[in-house]
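This briefing goes through one structure by topic, for use beside the sequence and the 3D view. Each group below can be read on its own.

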Amino acid sequence: MSSFEMALILGMAVITFAIRYTLFAVGHRVRFNPLVARALTYVPVAVLTAIVVPIMLMPDGKGLQLTLDNAYLVGGIAAILIAAHWRNLLATIAGGMLCFFLWRWLYG
């Protein structure tokens with residue numbers, strides 16, 4: 001690894017640390033509007049959705065696979081249905097993974 005790459009990584013680490021540290025250091029003094037505070041509660045769901053949905057719909061990265069051959073889609077739909085019905089994180093994860101692996105084993 002060259003010295004330029006090391007400096008680049010170190011610089012990114014310093015910038016990331018500075019941004020996060022300032023939020024922790026002065027975060028307790030900042031008061032948000034109730035509407036903004038309520039909107040911020042949806043950020044984790046939005047980020048997780050933005051990560052998971054492309055993997056479910058395009059597992060190979062080349063195009064949409066909206067068929068039953070797509071085990072990611074089957075497992076994701078099962079996880080969505082389990083989460084909507086029981087609202088239990090452990091059941092959602094276990095059920096989604098179980099459907100995914102069983103589908104790949106049976107039809108993969």
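Ile55 is found in helix α3. In this predicted model, Ile55 has a relative accessible area of 45%, so the residue counts as partly exposed. Between Ile55 and Gly76 there are 9.6 Å in space, C-alpha to C-alpha, and the two are 21 residues apart in sequence.

**The largest pocket**

- The volume of the largest pocket is about 690 Å³.
- A total of 23 residues line this pocket, and the closest to its centre are Val52, Met56, Gly76, Ala79 and Ile80.
- Helices α3, α4 and α5 (89–107) are the elements that each give two or more residues to the lining.
- Helix α3 supplies the largest share of the lining, with nine residues.
- By residue type, the lining of the largest pocket holds 17 nonpolar residues, five polar ones and one charged.

**Asn70 and the loop between α3 and α4**

- Asn70 sits in the loop that runs between α3 (43–57) and α4 (71–86).
- Asn70 has a relative accessible area of 1%, which is under the 20% cut-off, so the residue is buried.
- A polar atom of the Asn70 side chain lies 2.8 Å from the backbone oxygen of Met56.
- Not counting residues up to four places away in sequence, Asn70 touches Met56, Leu57, Pro59 and Gln65.
- Leu64 also belongs to the loop between α3 and α4.
- With a relative accessible area of 56%, over the 50% cut-off, Leu64 is exposed.
- Leu64 touches Leu57 and Met58, again leaving out residues up to four places away in sequence.
- Leu64 and Ala7 are 57 residues apart along the chain, and their C-alpha atoms are separated by 40 Å.

**Thr92 in helix α5**

- Thr92 is a residue of helix α5.
- The relative accessibility of Thr92 is 14%, and therefore Thr92 counts as buried.
- The Thr92 side chain reaches the backbone oxygen of Asn88 at 2.8 Å.
- Thr92 is in contact with Ala79, Ile82 and Ala83, leaving aside its neighbours within four places in sequence.
- Of these contacts of Thr92, Ala79 is also among the residues closest to the centre of the largest pocket.

**Arg87 in the loop between α4 and α5**

- Arg87 is located in the loop between α4 and α5.
- Arg87 is not a glycine, yet has a positive phi of about 50°.
- Arg87 counts as exposed because its relative accessibility is 73%, and the cut-off for exposed is over 50%.

**Aromatic pairs**

- A search of the whole structure turns up four aromatic pairs.
- One of them is the pair of Phe17 and Tyr21, which is stacked, with 5.7 Å centre to centre and 15° between the planes.
- Phe17 and Tyr21 are four residues apart, about one turn of the helix, and both lie in α1 (residues 3–26).
- Is Phe17 buried or exposed? At 57% relative accessibility, Phe17 is exposed.
- Tyr21 is partly exposed, its relative accessible area being 49%.
- Phe100 and Phe101 form an edge-to-face pair, because their planes stand at 75°, over the 60 degrees needed; the ring centres are 4.9 Å apart.
- Phe100 has 12% relative accessibility and so counts as buried.
- Tyr72, Phe100 and Phe101 are linked into a cluster by ring pairs.

**Leu40 in helix α2**

- Leu40 is placed in helix α2 (residues 34–40).
- Leu40 has a relative accessible area of 42% and is therefore partly exposed, as that class lies between the 20% and 50% cut-offs.
- Leu40 and Phe17 are 23 residues apart along the chain, with 21 Å separating their C-alpha atoms.

Terms used. Residues numbered from 1 in each chain as written. Predicted model: local features only at pLDDT ≥ 70, side-chain atom pairs only at ≥ 80, totals over all residues. Heavy atoms only, no water. Phe/Tyr/Trp six-rings, centres within 6.5 Å; stacked < 30°, edge-to-face > 60°. Buried < 20%, exposed > 50% of the residue type's maximum accessible area, 1.4 Å probe, protein only. Polar contact = N/O pair within 3.5 Å; in protein donor to acceptor, adjacent residues only side chain to side chain. Contact = heavy atoms within 4.5 Å. 1 Å grid on protein atoms, 1.4 Å probe; cavity = no way out; pocket = protein on both sides within 12 Å on 5 of 7 lines; lining within 4 Å. Points joined across faces, edges and corners; volume = space filled by probe spheres on them. Nonpolar A, V, L, I, M, F, W, Y, C, P; charged D, E, K, R; others polar.
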